[in-house]
Amino acid sequence: MAETKYTEEHEWIRVEGDVGTIGITQYAQEQLGDVVFVDVPAAGRTVAKGEACAVVESVKAASDIYAPASGEVVESNAALADTPGDVNAEPTGKGWFFKLKLADKGELDGLMDEAAYEAFVKSLG
Amino acid sequence: MVQSLDRSQGRAGSVSAGSVNTHGTYTGNRALQIEEPLIFEMGQAGRCGVDLPEPPKVKERLNGLRRKGEIGLPGLSEPQVVQHFTRLSQKNYAIDMGVYPLGSCTMKHNPRINEKVARLAGIGDLHPLQPVSTVQGALELIDGLAHWLKTLTGMPAVAMSPAAGAHGEMCGMMAIAAALEAKGERAQRRTVLAPESAHGTNPATAAALGFVVKPIPANDRGRVDLAALKAALGPDVAAIMLTNPNTCGLFESEIVEISKAVHEAGAYFYCDGANFNAIVGRVRPGDLGIDCMHINLHKTFSTPHGGGGPGAGPVVLSAALAPYAPYPWIVKDGDTWRVAEDGGALKALGVDGLPLGRLKAFHGQMGMFTRALAYIMSHGADGLRQVAEDAVLNANYVMAALKDVMSPAFEGPCMHEALFDDSFLKDTGVSTLDFAKAMIDEGYHPMTMYFPLVVHGAMLIEPTESVAKEDLDQFIGALRSLTAKAKTGTAAEDFKAAPLYAPRRRLDETLAARKPVLRWKPSNNPPGGDPLKQAAE
Amino acid sequence: MRYLPLTDADRREMLSVIGAKSVDELFRDVPASARLAAKVGGLPDHQGELEVERAFQGFAAKNLSPAAAPFFIGAGAYRHHVPATVDYMIQRGEFLTSYTPYQPEITQGTLQYLFEFQTQVTLLTGMEVANASMYDGSTGTTEAVLMANRVTRRHKALISGGLHPQYRSIIETTAKWEGFTANFSKTDAEGLEDLIASVDRDTSCVVVQNPSFFGHVRDFTKLAEACHAAGALLIVVVTEVVSLGLLMPPGEMGADIVVCEGQSIGNGLGFGGPYVGLFATRDKYMRQMPGRLVGETVDADGKRGFVLTLSTREQHIRREKATSNICTNAGLCALAFTVHLTLLGEAGFTRLAELNHAKASQLADRIAALPGVSVLNDSFFNEFTVKLPKPAAEVVEALAAKRILGGLPVSRLIPNDPSVANLLLLAATETATDAGMDPLIAGLKEVL
């Protein structure tokens with residue numbers, strides 16, 4: 001059963017087995033506006049929790065994406081190069097960024113579940 | 001090389017009968033607004049805009065590396081070239097056309113005498129590496145400008161070679177790094193403080209030099225929070241980078257205390273001189289305790305912006321930083337001007353210095369020096385003081401005349417620019433961007449928008465001293481009219497459609513960034529001739 | 001004062017609207033200790049246009065312009081004929097007095113010529129994408145090294161001994177303060193340098209110049225292959241852009257970044273600036289480029305238009321993470337370049353290059369015939385290196401005393417190196433004439 005967790009930087013990570021799929025939330029894509037470019041890490045790269053490892057850009061803004069957990073990138077969403085608008089249309093579906101083979105699932109314990117994240121977004125006004 | 005002469009669009013699929021009907025003309029032109037193709041869509045092999053003689057026959061010495069294929073440049077005759085670029089020019093707004101209130105950019109009048117003297121053969125037609133004995137007047141000119149800059153700022157030295165303001169920033173911060181290294185403190189002092197309202201170049205420059213940038217908050221008066229600054233100062237701090245007057249158009253009233261605190265902490269004070277035009281002749285930055293400041297000659301001293309350069313960014317330096325000024329150094333040796341381009345030359349002239357290196361080939365932006373000096377000499381010491389006063393007066397007049405209908409970001413007098421936030425547009429459905437685009441239809445270039453970042457929906461208006469009162473009155477009237485229209489609450493759609501009367505309506509920046517087309521290619525032109533004719537049929 | 005429209009009556013009226021008694025009140029935030037009570041002392045007052053012009057004629061009269069003397073200096077700045085149309089066009093106020101085209105609806109003129117400029121640069125260099133220009137070739141070269149460091153995530157650049165010495169100095173300065181390694185190959189006056197063996201897995205880029213500072217024309221195809229095999233980039237610098245009318249473009253040799261000094265087309269000597277840097281690369285490195293980029297798009301009516309694009313690379317958005325701190329290009333110099341190159345077109349540009357090569361060949365043959373003098377180059381475009389029987393600096397000074405601007409002594413840019421003391425760099429463009437070469441040859445005979 002897949003479980004989705006959220007960070008305060010408005011990323012989501014959906015865990016299936018020891019692999020987590022990572023993207024940005026509906027709230028994040030609304031804040032960014034039209035996404036024009038996504039720079040995703042190459043498969044094989046090892047990232048540490050909190051490391052800036054992807055970039056998402058709109059016309060007027062660029063945001064770093066931080067790894068919500070440590071691990072090795074096993075796949076990145078190559079389709080985003082041609083259709084970055086997927087991030088706007090389906091941020092939690094076709095607009096995923098990359099998949100991470102998690103080094104330590106325990107690192108996810110501090111992240112928010114869906115209800116907590118919704119409350120967090122509400123608190124932002 | 002390209003046959004189709006498509007005067008309306010050029011891009012496959014972009015022409016529709018609808019857009020022709022919008023114009024209602026066969027050509028797609030609208031009187032003086034003439035649609036202009038790219039040169040690559042107009043050229044014909046066999047045409048040329050120059051006449052050059054047949055080259056004498058010689059033995060080729062190109063190491064067998066002669067270019068094989070064609071380059072692909074279009075051929076046009078001289079009248080076609082003149083018409084093409086003239087038509088393009090007519091799609092631009094410019095200072096020469098009217099009020100250009102772009103805050104933080106200082107769009108002041110660009111006198112034509114500056115252009116004329118820069119083109120004198122004895123100035124404009126000189127090689128930078130001619131024997132120094134044959135360019136004594138050029139070196140005297142550079143030193144003459146340097147003297148003005150040092151005297152107006154109250155600083156002992158100036159590095160002339162940086163090519164633009166950002167380049168000057170790099171120069172100044174390198175000089176600070178060099179001074180720290182000489183004191184053995186470079187490894188320890190890694191932090192640079194910059195206010196949240198700083199120009200983006202400040203953090204970019206500091207980061208390039210390996211410094212860690214730490215933002216300093218502003219207080220509710222739009223100035224640096226002195227207490228927060230003092231708390232941030234410590235043995236790890238290399239410098240503060242501070243714009244004064246700041247990007248909110250306000251003078252940092254506690255600047256003397258700031259510089260004292262910075263120096264007591266063993267750090268240096270980099271002043272971003274982008275807004276020197278507001279205080280020239282009334283305040284010497286040297287009296288405020290700064291260590292270095294770049295001067296954008298295109299802002300304060302009227303060298304033309306030229307559609308985005310070239311600029312020039314000389315940096316004035318305090319006695320503490322002067323030894324580190326980059327090469328070249330122009331030195332007077334008796335009656336003769338010398339150029340020191342290396343350490344040996346400095347030594348031979350008996351000059352002490354530890355130059356940080358070299359930042360640019362040759363001696364700097366001579367053409368800009370010439371223009372700036374012509375402007376400075378035209379104004380003189382008396383006129384430059386009046387420049388600052390009139391610039392500040394115009395900005396405060398705009399502020400006073402609009403403060404009841406727009407929302408000033410801060411209380412009190414401003415310097416050379418008036419800053420508003422977007423609270424007066426609340427609940428109107430009109431954004432800062434929409435409001436600015438509507439100004440275009442009124443015949444004005446918009447003000448600076450969304451900068452500084454510390455003010456919501458910022459609108460930064462800098463009229464400069466070059467605008468007559470009657471023109472300012474019309475400008476104010478136009479903004480009041482737009483404000484009233486926005487506040488009806490029913491005009492949002494009209495604002496979002498603006499501009500209607502410009503050579504182009506709003507452009508799709510998302511498309512441009514998602515599918516970058518950064519050059520013309522033959523495949524951009526659809527085969528099969530003239531889509532406009534097809535549409536007309 | 002002729003530039004200030006406000007009258008004293010205006011000022012009084014405006015102060016009353018503001019509610020201030022005097023302009024001094026508006027400056028009340030200035031600390032009292034820093035307020036100047038009167039104009040800055042020790043400087044002259046304003047002057048009329050006539051007086052200002054006269055002063056500049058005074059400066060000009062103390063210089064010897066190449067317009068009035070036989071002239072053969074190059075070394076990164078070349079004297080070409082610039083058609084009158086170019087200077088007329090760049091003085092149109094709509095171009096001259098417009099800002100960076102941040103409002104594309106009312107700056108299509110600037111944006112379209114920059115798009116044309118970018119296209120021209122890709123064609124000349126044989127590259128896929130070019131930016132809207134850099135400050136000049138010298139600063140652009142250092143930006144290329146920084147870009148290669150970003151692309152490869154390596155920090156060791158290898159710099160040819162054939163690169164312009166001042167360009168080398170700028171890289172050295174930047175390396176020192178920004179923190180990367182630059183290894184400088186020794187001065188290569190003979191044009192025989194081979195850098196292939198020096199490229200390793202830590203190398204971010206190799207920087208070469210073609211034709212080299214000493215004038216040699218080289219094929220860098222093998223060097224490009226070696227770079228790519230090691231994961232490094234090849235940066236080719238061209239200081240005489242007219243050479244690209246005749247020479248194989250760097251893109252065909254496999255260059256990854258090409259930087260040119262564009263001054264030769266459309267821009268005068270100007271005592272060293274402002275000039276215009278051309279910067280081109282491969283599509284795959286587009287987002288790592290410094291500087292501004294203009295892209296094509298459509299407006300709300302579906303009509304083609306141009307905008308500044310990919311600006312998330314730049315300092316006003318990325319701040320400390322920007323690809324560069326640069327926020328200007330050399331807009332007006334780029335316009336001069338584009339207008340001149342448009343006048344030239346394929347036929348004119350090619351012929352201009354042929355003329356330059358032919359004039360330089362004629363000069364080289366005449367120089368080589370002088371006793372005790374040898375030309376070092378087997379190959380060159382419009383500039384070559386000559387070995388004299390005595391220090392070149394003395395010779396150039398002696399020629400200058402005869403009002404002949406007879407080349408650059410290499411020792412001026414490479415001091416303290418006895419091996420270059422007798423080397424003289426000579427250039428001839430289409431502006432060179434027999435009537436100019438005769439006094440140079442005669443003068444050299446006298447002073448040697």
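Guide: Domain bounds here come from an automatic or database domain assignment. The model is predicted: local features need pLDDT of at least 70, side-chain atom pairs count only at pLDDT 80 or more, and totals for chains, interfaces and linings use all residues. Residues are numbered from 1 along each chain as its sequence is written, and chains are lettered from A and ligands numbered from 1 in the order in which they are written.

Visitor: Which residues make up domain 1 of chain C?

Guide: The assignment for chain C gives two entries, domain 1 and domain 2. Domain 2 covers 84-340. Domain 1 is written in two pieces: 66-82 + 346-447.

Visitor: How many residues of domain 2 of chain C are in contact with domain 1 of chain C?

Guide: Two residues are in contact if their C-beta atoms, placed from the backbone, lie within 7 Å. The domain centres, taken over C-alpha atoms, are separated by 27 Å. Domain 1 of chain C brings 28 residues to the contact, and domain 2 of chain C brings 29.

Visitor: Which element gives the largest share of the side of domain 1 of chain C that touches domain 2 of chain C?

Guide: Helices (H or I, at least four residues) and strands (E, at least two) are DSSP runs, numbered from the N terminus. Two elements give two or more residues to this side: β11 (383-387) and α12 (331-368) of chain C. The largest share is seven residues, and its source is α12(C).

Visitor: How many residues of α8(C) are buried?

Guide: Buried means that 20 or more other C-beta atoms lie within 10 Å of the residue's own, exposed means 12 or fewer, and partly exposed is in between; C-beta atoms are placed from the backbone. Among the buried residues are C:Tyr167 and C:Trp177. Their cover includes α6 (165-182) of chain B and α7 (137-152) of chain C. Of the 14 residues in α8(C), the buried ones number 11.

Visitor: Which strands stand at the edges of the sheet in chain B?

Guide: Strands pair if DSSP finds at least two bridges between them. Seven strands of chain B form an open, mixed sheet in the order β1-β7-β6-β5-β4-β2-β3. Each edge strand has a single partner, so one side is left without a neighbour in the sheet; these strands are β1 (157-159) and β3 (212-216).

Visitor: Which residue stands opposite B:Met293?

Guide: Strands β6 (residues 292-294) and β7 (residues 315-317) of chain B run antiparallel, joined by three bridges. The residue opposite B:Met293 lies in β7(B) and is B:Val316.
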